[in-house]
Amino acid sequence: MLQPDLFFDLSTFEHRELFSEAHYVWDGLKKLKSFMDGASYRQLPDWAKKYEPLRTTLVYHDNAFRDGSHLTMEFGDATKGGMKVWENGRLLDGASVIMAGAVLAGEKILLGKGIKIEPGAYIGSPTIIGDMTEIRQGAYLRGYCLIGRKCVVGHVTEVKHTVFMDEAKAGHFAYLGDSILGRDVNLGAGTKLANLRFAPGNVKVRTPEGTIDTGLRKFGAILADYVQTGCNSVTNPGTILGPRSMVLPNTTAPSGLHEKHSLIR
C-alpha cells in the first residue's frame, strides 16, 4: 500500500538507489543525507565557492569549469535543450551555465549537462542537479536537494532536503521541505508543502488500515508521478498523494494517504 513503486516509476530515475530496500515511500527521505554525502562531487574553482554572488558567468563543460565572459550564449528553455554555448563558433555540446550573480555555497554541488542557473539563485551544499534543469532567479536551495533531469526550481522557490524526480516542476513562489516530487509533478504558483507540525512528536500518516508513525519529526509531502497542485494550495505535514491526483487552487490537502486519481477541493 505504501511501497515506493506504487507511487513512482523508478525505472529511468538516475538515483533510484535511494529507494532500494525502502518499505515505505518516505524511507527515501531517511536515506537522503547519507546518499548525498556519499556521492562524488567535482571540485569547483576556488573563485566560484566564496559564498558570494559570482562576479562572472561560469560555464561547466567536459568536466571542467571555465570563465564564460568570452563565450557566446543562447538562454533558451533549458528543459527543452535551449541552453546553448559557443566558443569561437564551436558549439560546446551539453555545456551548463551558472550566470553571474548566482551563489554556490559549499563544495558539494554536482551539475549535469545543459543546465541553466539564473542570477540570484542560491545553491547550498550538498545539491545534485540533473541534465537540462533550470534553476530560476531567486531560487533558494538550502542543501540536500536532489534534483532530477528536466526539472524547474522556480522564482523565489525554497527547497530543503527534498527530491525532484525527472521533469518535476515548481515554477513559482513555492516552499518544499522534506518532500518528494514524482515524475512530471507540477506545482501551481504559491504551493506550500508544510513539513513541521505545531504539536511535538513525529509526523504520522493516516491510512485506511490505521495510523503509521513515520519516525520523522519533519516530513512534508509525497507527491506521486503526474500529481498537480493549483495556485496557492497547501499540503499539511504527512500528506501522500497517489499518482495523477490533483489539489485544486486555494485548497489545503489534509495529511494522510490519498489514493491515486484523488481530487482534493
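Mentor: Phe8 is buried, and Phe19 is buried too; buried means under 20% relative accessible area, exposed over 50%, and partly exposed in between, with a 1.4 Å probe and protein chains only. The model is a predicted one, in which local features need pLDDT of at least 70 and side-chain atom pairs count only at pLDDT 80 or more, while totals for chains, interfaces and linings use all residues. Residues are numbered from 1 along each chain as its sequence is written, and side-chain values use heavy atoms, with hydrogens and water left out.

Rings of Phe, Tyr and Trp (for Trp, its six-membered ring) pair if their centres lie within 6.5 Å; planes under 30 degrees apart count as stacked, over 60 as edge-to-face, and the rest as tilted. By this rule there are 6 aromatic pairs. One of them is formed by Phe8 and Phe19, a tilted pair with 5.8 Å from centre to centre and 50° between the planes. This pair links distant parts of the chain, for Phe8 and Phe19 are 11 residues apart, each in the segment before helix H1 (27-37). Helices (H or I, at least four residues) and strands (E, at least two) are DSSP runs, numbered from the N terminus. Ring pairs also join Phe7 with Phe8 and Phe19 in a cluster.

Another pair consists of Tyr24 and Trp26: their ring centres are 4.7 Å apart and their planes meet at 15°, so this pair is stacked. Trp26 is buried, with a relative accessible area of 0%, whereas Tyr24 is partly exposed, at 26%.

A further aromatic residue, Tyr144, deserves attention for its backbone. Its phi is near 50°, a positive value in a residue other than glycine. Tyr144 lies in the loop between strand E13 (140-141) and strand E14 (145-147), and its relative accessibility of 19% makes it count as buried. Glu167 likewise has a positive phi, of about 70°, although it is not a glycine. Glu167 belongs to the loop between strand E17 (162-164) and strand E18 (169-172) and is partly exposed, with a relative accessible area of 24%.

As for the setting, the chain has 1 helix and 32 strands. Of its 265 residues, 54% are buried.
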